[in-house]
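Trainee: I have a structure open here and would enjoy talking it through. Could we go over it together?

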Amino acid sequence: MHIWRKIRAASSIRANAAVGIAPGDGYLFRTPASWPDGAATKEDTVLSATQTATSQVAHPDQRTSAPLSETRLQPDALLAEILKSLDDDQAQEVVQIDLRGKSEMADFMVICSGRSSRQVASISDKLVDRLKHDFGRLCKVEGKDGGDWVLIDTGDVIVHVFRPEVREFYQLEKMWLGPTDAPGRA
């Protein structure tokens, strides 16, 4: 069975040659004495062709596409789009909380309710689809299968969509709003 093994050059070439290792392209290849003389050079040719092919692949920064700044929304603009989407889908009791200066995880938090598990799932699905389609923003979604509490992480804005009973139980507004803060109703 013939197996090529790449071995990084760790000792002198003379010591390696004594045990049947031939130099090649920065690596040393173990070649048994029974193999033809051109075996190592054939492998070197394959490796150099592979290196040339991979070096010709366009770097992500060199690809021609729309600039990131055109699709990247500022946190305030993203919040406005999220609030518009929630209003279009008839989310109830929408509250926005400014997290700037309170937390590093996001700039804003939005909490809203749906009338049923089906509406909670629908609100979250439509919001994620709109953000993906209109702005190319991929969101992380948790809890969509249950339909009681769906968390959508858009990066700068975190959206919680609750059923009313579950929202009343957890009371996230009270945890994130201080005693002097008034909830920003949308």
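What follows is a conversation about this predicted model.

Trainee: How many aromatic pairs does a search of the whole structure find, and are the rings of W149 and F162 stacked, tilted or edge-to-face?

Mentor: The search of the whole structure gives three aromatic pairs. For W149 and F162, the ring centres are 4.8 Å apart and the planes meet at 35 degrees. Stacked needs planes under 30 degrees apart and edge-to-face needs over 60, so with 35 degrees this pair is tilted.

Trainee: Which strands hold W149 and F162, and how many residues apart are they in sequence?

Mentor: W149 is in strand β7, residues 149–153, while F162 belongs to strand β8, residues 157–162. The pair therefore ties together parts whose separation in sequence is 13 residues.

Trainee: Let's turn to the cores. Which residues have the most contacts inside the largest nonpolar core?

Mentor: This core has 22 residues. Helices α4 and α5 and strands β5, β7 and β8 each supply at least two of its residues. Leaving aside residues up to four places away in sequence, V159 touches I82, L86, V110, L127, V150, L151 and I152. The residues with the most contacts inside the core are I82, L86, V110, V157 and V159.

Trainee: How many residues does the second, separate core have?

Mentor: F162, buried at 1%, is one of its residues. I97, I158 and L177 are also among them. The number for this second core is eleven.

Trainee: What do the buried residues of α5 pack against?

Mentor: Helix α5 has 19 residues and spans 27 Å from its first C-alpha to its last, close to the 27 Å expected. Its buried residues are Q119, V120, A121, I123, S124, L127, V128 and L131. They pack against α4, β5, β6, β7 and β8.

Trainee: What is the phi of E93?

Mentor: Most residues other than glycine have a negative phi. E93, found in strand β4, is exposed at 52% relative accessibility. Its phi is positive although the residue is not a glycine, at near 50 degrees.

Trainee: Where does Q90 lie?

Mentor: Q90 is another non-glycine residue with a positive phi, about 60 degrees. Its place is the loop between α4 and β4.

Trainee: Last one: which residues does R167 touch, not counting residues up to four places away in sequence?

Mentor: R167 lies in helix α6. At 5% relative accessibility, R167 counts as buried. Its contacts are Q92, E93, V95, I111, C112, S113, F162 and E173.

Technical notes:
Residues numbered from 1 in each chain as written. Predicted model: local features only at pLDDT ≥ 70, side-chain atom pairs only at ≥ 80, totals over all residues. Heavy atoms only, no water. Phe/Tyr/Trp six-rings, centres within 6.5 Å; stacked < 30°, edge-to-face > 60°. Helix = DSSP H or I, 4+ residues; strand = E, 2+ residues; numbered from the N terminus. Buried < 20%, exposed > 50% of the residue type's maximum accessible area, 1.4 Å probe, protein only. Core = buried A, V, L, I, M, F, W, Y, C linked by side-chain atoms within 4.5 Å. Contact = heavy atoms within 4.5 Å. Expected span 1.5 Å × (residues − 1).
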